[in-house]
Amino acid sequence: LAACVQVLCAVAVYSAEGHQNVMEAIDEFADVNSDEEEAHRFSLLVDMMREPRREIQKWPLMLLNAVVSGPSDIETRVQLRDELCGLEFIELTRKLLTPLGDEIDIQIAIFDQEMRADGEELQGSKPTFKPMLSSMRLTHSDEVSRLATQIAQQTQTQTFSKQFEQLLSILAQLETL
């Protein structure tokens, strides 16, 4: 197991093609080993974090760190972290933390550090909407809708755009009430 995970980690961070190959292997692993028809690709790895703390948990943590931090583009890293968050990865890893500072704690710290670094990078690259917001009187839902559309179009990240699409949908539904 150790050698397998170490090789997969090295391949995942070495190149974009290597990362893609590891992701395909994880997808295939999930398809073959899951009882569910629509199992999430990271489910089996994250489910290992639901068990009581054991040394073997360092291997899926190591692999997940490599897969998440491997891509050079921040959007992919954020999307992969979002997938893990949807599986309660953050909450589960908090329960595994100890003051021991062993490999499990180190892998969790690496995940947190990389997530923080990407968050800071995103914070620094976000377009500022304050001037746009302060210049508008948002009294009608069509003004809010137009502003949300403008902001979504100026935003590079898919996640942020999806959130605005959902906001627009909610606004449209509220307008009919």
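Predicted model: local features only at pLDDT ≥ 70, side-chain atom pairs only at ≥ 80, totals over all residues.
D27 is partly exposed, with a relative accessible area of 27%; the term covers values between buried, under 20%, and exposed, over 50% (1.4 Å probe, protein chains only). Residues are numbered from 1 along each chain as its sequence is written, and side-chain values use heavy atoms, leaving out hydrogens and water. The protein has ten helices and zero strands. Both kinds of element are DSSP runs numbered from the N terminus (helices: H or I, at least four residues; strands: E, at least two).

**Overall build**

- From the N terminus on, the elements run α-α-α-α-α-α-α-α-α-α.
- The protein has 177 residues, and 34% of them are buried.
- Among contacts with a separation of 6 or more, 57% are between residues 24 or more positions apart. A contact here means heavy atoms within 4.5 Å.

**Salt bridges**

- The structure holds twelve salt bridges. Each puts a side-chain nitrogen of Lys or Arg within 4 Å of a carboxyl oxygen of Asp or Glu.
- Side chains of opposite charge can pair when their charged atoms come close.
- One of these bridges joins R41 and D27, at 3.8 Å from N to O. R41 sits in the loop between helix 2 (16–33) and helix 3 (43–47), and D27 sits in helix 2, so the bridge ties together parts that are 14 residues apart in sequence. R41 is partly exposed, at 21% relative accessible area.
- R50 and D47 form another, with N and O 2.9 Å apart. R50 is partly exposed at 43% relative accessibility. D47 is also partly exposed, at 33%.
- R77 pairs with E121, and their closest N and O atoms are 3.8 Å apart. This pair links distant parts of the chain, since R77 is in helix 5 and E121 is in helix 7, 44 residues apart. Salt bridges with shared partners join R77, R81, D118 and E121 into one network.
- R77 is buried, at 8% relative accessible area. E121 is partly exposed, at 44%.

- The buried residues of helix 6 are F89, I90, L92, T93 and L96. They lie on the same side of helix 6, because they cover an arc of only 165° around the axis. That arc is taken from the directions from the helix axis to the C-beta atoms.
- E88 lies in the loop between helix 5 (74–86) and helix 6 (89–96). Its phi is near 65°, a positive value in a residue other than glycine. E88 is partly exposed, at 41% relative accessible area.

**D112 in helix 7**

- D112 is placed in helix 7, which spans residues 103–125. D112 is buried, at 15% relative accessible area.

**L8 in helix 1**

- L8 is found in helix 1, residues 2–14. L8 is partly exposed, at 24% relative accessibility.
- Leaving aside residues up to four places away in sequence, L8 touches V22 and L63.
- L8 and M23 are 15 residues apart in sequence, and their C-alpha atoms are 9.7 Å apart in space.

**Cysteines**

- The structure holds zero disulfides. C9 is in no disulfide, and the nearest cysteine sulfur, that of C4, is 9.3 Å away. A disulfide is a pair of cysteine sulfur atoms within 2.5 Å.
- C9 is buried, with 11% relative accessible area.
- C85 is partly exposed, at 34% relative accessibility.
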